[in-house]
Amino acid sequence: MPNALVIVAKAPVVGQVKTRLCPPLSAAEATELFRCFLVDTVARACTVPEVQVCLAFTPADSEELFRALLPFPLRYLTQRGNSLGERLVNIFADLLKGGFSRVVIMDSDSPTLPTSYLQEAFAVLGDLKQDAVFGPCSDGGYYLVGARAVHPELFANITWSTSTVLSETLDQARHHNLNVALLPPWYDVDNGADLQKLAVELGRLDGNAGVPRTRAFLTQLGLCPAERRSS
């Protein structure tokens, strides 16, 4: 199978994930919400046709924790590198050397990201004129990056965890004469405002909006109205 769809995730350990959601959530609630995000995200990714879904996890000793949480046919690989850029480069290198021809890497905290965007990313990479594809995030970063080759230069000299990550990356692309395509923008859930945005989005949608665990937990917390079912 030539296409690899990689979800990057940190082990859902209380006090170590989604800490910017505290407050309004407790550390335990934020961790459980992240578990919900992860299960829903992987389940949705597994509906994308003709891709091998992979989980790039950290820390290295957490694979069994993820396997217990995620009953899906995933390929597991350990994240390697000190910075996000190094980790992304190594994921691309590992999978492209392993026989995949198109690799798309996405975050694990954009649970309602339309799967059509993922399919579009692979379609973009089918155009040999495009070297990479990015999904812009509302916070100035990106929720997705895809490529057919390893491009370390795209991830060099980036001020990570800032609102200029994507703009700096696009500057790198221009500097190195790489053609980059952009998908429609989306958002990840990092703080209380993002959480409210997610709750409002889910409140407008019928059913569980394809994220049943996330919807149920937010309803339990009183942040989301009870699920509306289509007649």
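Trainee: Where is Asn157 found?
Mentor: Asn157 sits in the loop between β6 (142–147) and α5 (165–175). Keep in mind that this is a predicted model.
Trainee: Is Asn157 buried or exposed?
Mentor: Exposed, because its relative accessible area is 69% and the cut-off is over 50%.
Trainee: OK, what about Lys18, buried or exposed?
Mentor: Lys18 is buried, with a relative accessible area of 12%. Its phi is positive too, near 50°, and Lys18 lies in the loop between β1 and α1.
Trainee: Switching to peptide bonds: which bond is cis with omega near 15°?
Mentor: The one from Pro23 to Pro24. Pro24 is in the loop between β1 (3–10) and α1. The bond from Thr58 to Pro59 is also cis, with omega near -5°, and Pro59 lies in the loop between β2 (52–58) and α2 (63–69).
Trainee: Now the rings. How many aromatic pairs does a search of the whole structure find?
Mentor: Six. One of them is Tyr117 with Trp186, edge-to-face, at 5.9 Å centre to centre and 90° between the planes.
Trainee: Where do those two sit in the chain?
Mentor: Tyr117 is in helix α4 (residues 115–125), and Trp186 is in the loop between β7 (180–182) and α6 (192–204). They are 69 residues apart, so the pair links distant parts of the chain. Tyr117 counts as buried at 15% relative accessibility, and Trp186 does at 18%.
Trainee: What about Phe134 and Tyr142?
Mentor: Those form an edge-to-face pair as well, 4.8 Å centre to centre with 75° between the planes. Phe134 is buried at 0% relative accessibility, and Tyr142 is buried at 14%.
Trainee: Last topic, the core. Which residues touch the most other members of the largest nonpolar core?
Mentor: Leu5, Leu38, Leu55, Phe66 and Leu70, out of 51 residues. Helix α1 (residues 27–45) gives the largest share, nine residues. There's also a second, separate core of 27 residues, which includes Ala4, Ile91, Val103 and Val165.
Trainee: And what does Leu55 touch, leaving out residues up to four places away in sequence?
Mentor: Its contacts include Ile7, Leu38, Phe66, Leu70 and Tyr76. Phe66 and Tyr76 also turn up in a ring cluster, linked with Phe57 through ring pairs.

Note on methods
Residues numbered from 1 in each chain as written. Predicted model: local features only at pLDDT ≥ 70, side-chain atom pairs only at ≥ 80, totals over all residues. Heavy atoms only, no water. Phe/Tyr/Trp six-rings, centres within 6.5 Å; stacked < 30°, edge-to-face > 60°. Helix = DSSP H or I, 4+ residues; strand = E, 2+ residues; numbered from the N terminus. Buried < 20%, exposed > 50% of the residue type's maximum accessible area, 1.4 Å probe, protein only. Core = buried A, V, L, I, M, F, W, Y, C linked by side-chain atoms within 4.5 Å. Contact = heavy atoms within 4.5 Å.
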